[in-house]
Amino acid sequence: MKFSRKTVLGAVVTVSTLLTTAACGSGDDSGAAPSAGTVVVPDPGGDLGKAMKKAFFDPFEKKTGIDVVLSPGEFDAAVVLAGVKAGAPAYDLVNPNGAVLKRFRDNSALEPIDYTLWQNGVRDKISPVKAADDAVPAYYISIVPAWSTDKLGDKALNSWADFWDVAKFPGKRTLAPGSWGAGGATFEIAAMADGVAPKDLYPIDYDRVFASLDKLKPNLVKFWETGAEPIQLLTGGQVTVTSAWNGRVAGAQDKGAPVASTWNQSILQYDNWAILKGAKNVKNAQKLLAFMMESGPQADFANAITYSPANSAAFDLLSADRAALLPTSPKNVASAVTQDYDWWTAIAPGTDKTNEEVAIERWQTWASK
Amino acid sequence: MSVDSSPEQFTGGPATRPQRRPDHRWLTLVPLLAVLTLLFVVPLCSLLVDSFRSEQGFTLENYHEQVTSPVFWHAMRRTLVIAALSTVICVALGYCMAYALTRMPKRLRGVLLVVVLVPYFTSILIRSYAWIAILAPNGLVAQTLALLGVDTPPDLVFNQTGMLIGTVQILLPLALLPIYSVMSGIDRAAVRAAQSLGASPAVAHWHVYRPATSSAVTAAAALVFISTLGFYVTPALLGGPGDALIAQSILVRFSNLVDPAGAAAQAALLLLIVLVLFAILFRYLAPSLSIGGTEQAPARSRRRSSRGTADSAERHEELRALRARILDTGLDVVGRLRLPILLGGWILGAALLVTPLIVVAIWSLSDATYLTFPPQEYSTRWFADYFADEAWIGSTFLSLGIASTSAAVSVVIGGFGAFGLVRGPRRPRLPIAILVAMPLIVPPMIYSLGFFVLVAPHGLVGTNLGLILPYLVLGLPFSVSITAAALRNLDVRLENAARSLGAGSLSVLRHVLLPALRPALVSGFVFAFLAAFDDVVVATFMSGPTAVTLPLRMFQDIKLEVSPRTAVVAVVLLGAGAAAVLLRFVTAWLVRAVRVALSRLGAS
């Protein structure tokens with residue numbers, strides 16, 4: 001019997017075997033350095049990850065000797081909850097958004113926060129959203145309309161209605177998928193584009209939202225799946241206008257990307273810090289949390305990325321120019337809409353589901369038409 | 001024993017051993033079944049049990065909710081259509097390309113096989129982004145068309161076309177390699193004989209060559225079809241606003257609605273539909289699959305013809321003659337066009353496989369922070385960034401180590417399993433074949449969740465073993481099905497002859513099976529390796545702070561900040577692969593040179 005020599009395939013095997021040996025050699029001897037213990041935090045990566053590292057984690061390591069291990073495992077509420085239920089949470093400290101936090105609470109997956117470790121008076125400075133027994137607001141972010149200045153030149157959008165106005169601002173659009181529920185703020189955006197006043201946003205009028213989305217659909221290329229994608233689609237030229245988180249837009253501008261955005265009708269959201277039940281390093285997580293919420297690190301954070309600090313005292317340490325770039329600065333927040341997590345996490349009338357769950361299911365029905 | 005009664009058993013030669021020894025060949029199935037049961041069936045069942053459980057006890061509510069939901073059925077139908085289309089395209093293209101390969105000089109084959117395999121070492125994510133750069137309205141294709149005077153390019157991406165192109169590109173090697181590994185073992189003498197007896201090349205091919213490849217074609221089709229069902233990343237990136245496939249629907253249920261029971265119910269329904277589909281198709285495929293037994297088909301047709309009246313038999317005969325004539329005319333046309341078809345197949349296939357890589361290679365040299373194509377400025381700063389980053393290098397070696405370990409184990413267990421499947425008792429073949437295919441059908445997310453929940457309390461999360469075990473399971477469908485396809489084409493008489501001449505099991509394995517199956521084992525290894533090396537989903541669950549696999553790191557990176565770094569990783573891996581191939585060529589040449597020199601010395 002005749003068979004040809006699979007030179008290539010053989011080589012692949014040889015190489016991978018060689019590399020196995022190398023990998024087994026290098027795989028196990030990491031993390032041997034003595035330290036005052038560790039605390040495991042999900043790494044949000046990108047500019048947000050860099051800002052946290054610079055403002056919170058590196059100074060904390062220096063001060064306490066406790067290693068902050070950034071785990072790039074995906075922060076997926078379902079996966080994290082599965083870990084807590086199995087008694088092996090992947091992280092000690094997590095940063096869920098306002099709506100996801102509710103799921104953690106419902107599954108009693110959170111440790112109470114030890115405020116005795118906090119500096120005096122810090123807890124009272126946490127505002128406008130107050131610190132709870134099991135979670136603290138972490139930072140404020142905004143979803144803003146953003147566009148490519150390459151394509152639109154000097155023309156600037158001023159509202160979500162402009163976002164829908166393809167005649168005035170020609171080009172393709174993208175939005176966050178409504179299957180994220182509150183996460184991408186797409187429901188609020190579509191309602192406001194149709195003329196719903198910010199004070200009348202909740203309860204969300206689904207019929208109006210989907211009618212509004214139907215109007216945009218011919219110009220909607222896709223829904224973005226990650227926070228980085230809208231900027232990628234803008235700079236890649238596949239879309240002209242998008243919704244995006246303000247920090248992403250600012251980060252892209254810093255890197256010279258031809259993008260712009262407006263604070264008008266920006267949608268204010270916030271993430272929370274919370275400690276997972278059954279976490280291996282609860283004590284260290286408590287210490288890290290207490291450190292992060294102090295005004296100094298909070299100001300450093302807001303200097304590193306254009307997200308607002310949760311500790312209002314940090315504004316005293318920020319320059320006026322810097323504060324003007326943040327979502328909660330008085331001028332920016334005046335035209336902003338604050339996302340109502342209480343409504344999103346409330347049980348929808350006549351069902352046993354939360355408003356968010358109902359919204360996601362209605363979204364799927366609409367999207368699969 | 002039923003197996004021993006098969007006519008192939010008679011070797012004709014004088015036997016030196018007693019004819020009837022108990023057949024222990026089924027024993028080779030034991031490790032396969034043990035692994036699949038412990039590492040796959042148990043975790044999956046524990047999850048499925050959950051999908052029937054509510055606070056009050058047993059419930060069908062989760063299933064009722066899915067079955068009555070139009071969203072679920074839309075996604076299901078779309079998924080099945082996309083899967084069927086990509087299967088047809090992949091197999092047709094793969095068949096042409098594999099056949100063309102076997103007719104090429106050996107050296108060229110090596111080079112072209114690299115072309116086929118190389119894309120696999122590039123993360124699916126970055127390849128999908130490359131497709132956007134190629135297919136988007138301002139992309140390469142549109143620009144080329146504009147040069148040719150076409151002003152309104154067709155919509156190629158963010159719709160089902162884009163999804164299909166991305167999927168075919170990813171799955172084409174999966175169709176090509178199993179077919180090729182069987183084709184390269186076929187003796188062409190029979191085809192030449194048929195041609196010398198007056199058959200045109202295409203007719204000879206159809207009647208002599210094709211039947212020998214049919215099991216590989218079926219295996220390839222099944223692999224591609226089943227793989228498409230679980231696809232998530234490519235459809236999400238290349239599909240349009242309303243193009244969600246079933247895997248995305250399951251993910252939304254799992255992640256966004258935090259409803260693992262509902263997700264498990266959807267996965268169970270998907271499994272059920274696929275199994276029913278295969279059961280229906282199986283009736284038609286059984287003769288070529290030989291899982292159901294080759295000798296059943298003639299028996300059935302004999303029964304049919306004896307039952308029919310003479311009249312209907314005549315009509316049947318006429319119909320057959322007509323069909324044969326149409327077939328022959330068709331084959332004649334194809335035969336005359338065979339060169340353009342084969343060449344066209346290769347050009348199309350190579351274009352599909354390689355264009356995204358060119359884009360990726362150019363991106364890796366971009367100076368920009370984002371992936372703009374073509375980049376405005378070039379630099380090597382992202383390479384410097386990668387090599388300076390210990391975390392990235394560590395992840396690279398970790399992934400290579402874990403993927404090759406799991407692939408090696410899966411080839412050994414899968415190889416023995418394939419032997420037991422093909423040569424062992426006939427009756428359990430179908431259930432075992434289905435069981436082996438299951439890890440491919442079950443969306444990885446569901447399986448990973450089941451596995452995670454089962455092993456998390458035992459401290460396996462974040463360890464190498466915790467990653468290797470599920471990857472072993474994901475590699476088995478490839479190693480078993482590819483080896484089994486090759487084994488079916490291997491004449492059992494070879495083994496029997498060796499045995500009758502006194503060879504023990506080990507020497508049969510070493511001198512008959514291993515050499516003959518080597519191409520299949522190697523491609524099984526490659527696919528098992530890649531199944532692990534390209535995985536993001538299992539890693540999401542099983543990675544820990546100290547064990548982050550490369551694809552997961554890339555996935556995070558690209559999710560958070562789409563930068564040329566992922567392109568750099570792809571290029572580095574490609575470079576490593578190319579260097580290895582080169583090394584292999586050089587050593588082969590050296591060995592040959594030394595051998596020639598030695599033989600000359602001996603001769604003088």
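The legends below describe close-up views of a predicted model.

Local features are given only at pLDDT of at least 70 and side-chain atom pairs only at pLDDT 80 or more, whereas totals for chains, interfaces and linings use all residues. Residues are numbered from 1 along each chain as its sequence is written, and chains are lettered from A and ligands numbered from 1 in the order in which they are written.

**View 1. Chain A as a whole.** Chain A contains 17 helices and 12 strands (DSSP runs numbered from the N terminus: H or I of at least four residues for helices, E of at least two for strands). Of its 369 residues, 55% are buried; a residue is buried if 20 or more other C-beta atoms, placed from the backbone, lie within 10 Å of its own, exposed if 12 or fewer, and partly exposed in between. Contacts are pairs of residues whose C-beta atoms, placed from the backbone, lie within 7 Å. Among contacts in chain A between residues at least 6 apart in sequence, 70% link residues at least 24 apart.

**View 2. Helix α10 (residues 229-236) of chain A and its cover.** Eight of the eight residues of α10(A) are buried, so the helix is largely enclosed by the rest of the structure. They are A:E229, A:P230, A:I231, A:Q232, A:L233, A:L234, A:T235 and A:G236. The cover over these buried residues includes β5 (136-148), β6 (173-175), β8 (241-245), α11 (246-254) and β9 (259-261) of chain A, together with α5 of chain B. After α10(A) comes A:G237, which has a positive phi near 85°.

**View 3. Helix α5 (residues 124-135) of chain B.** With 12 residues, α5(B) reaches 16 Å from its first C-alpha to its last, close to the 16 Å expected at 1.5 Å a residue (the expected span is 1.5 Å times one less than the number of residues). Because 12 of its 12 residues are buried, α5(B) is largely enclosed by the rest of the structure. Among the buried residues are B:R127, B:Y129 and B:W131.

**View 4. Helices α7 (residues 160-183) and α9 (residues 201-229) of chain B.** These helices pack at an angle of about 160°, with axes 9 Å apart; axes are lines fitted to C-alpha atoms, for helices over the stretch in contact, and angles run from 0 to 180 degrees between N-to-C directions. α7(B) is therefore roughly antiparallel to α9(B) (an angle over 145 degrees). On the α7(B) side the contact includes B:T167, B:L171 and B:L174, and on the α9(B) side B:T213, B:A216 and B:V217. By class, the contact has 13 nonpolar, four polar and no charged residues, where Ala, Val, Leu, Ile, Met, Phe, Trp, Tyr, Cys and Pro count as nonpolar, Asp, Glu, Lys and Arg as charged, and the others, Gly among them, as polar.

**View 5. Helices α9 and α20 (residues 464-488) of chain B.** The packing angle of α9(B) and α20(B) is about 165°, and their axes are 9 Å apart. The two helices are therefore roughly antiparallel to each other. B:S215, B:A216, B:A219 and B:L223 of α9(B) meet B:S481, B:I482, B:A485 and B:R488 of α20(B). These contact residues divide into five nonpolar, two polar and one charged.

View 6. B:D557 lies in helix α24 (residues 550-560) of chain B and is buried, with 22 other C-beta atoms within 10 Å. Not counting residues up to four places away in sequence, B:D557 touches A:G45, B:S563, B:R565 and B:T566. B:H24 is in the segment before α1 (30-51) of chain B and counts as exposed, with 10 C-beta neighbours inside 10 Å. The C-alpha atoms of B:H24 and B:G420 are separated by 9.2 Å, with the residues 396 apart along the chain.

Definitions and conventions: Angles under 35 degrees count as roughly parallel, over 145 as roughly antiparallel, 65 to 115 as roughly perpendicular and the rest as oblique. Two residues are in contact if their C-beta atoms, placed from the backbone, lie within 7 Å.
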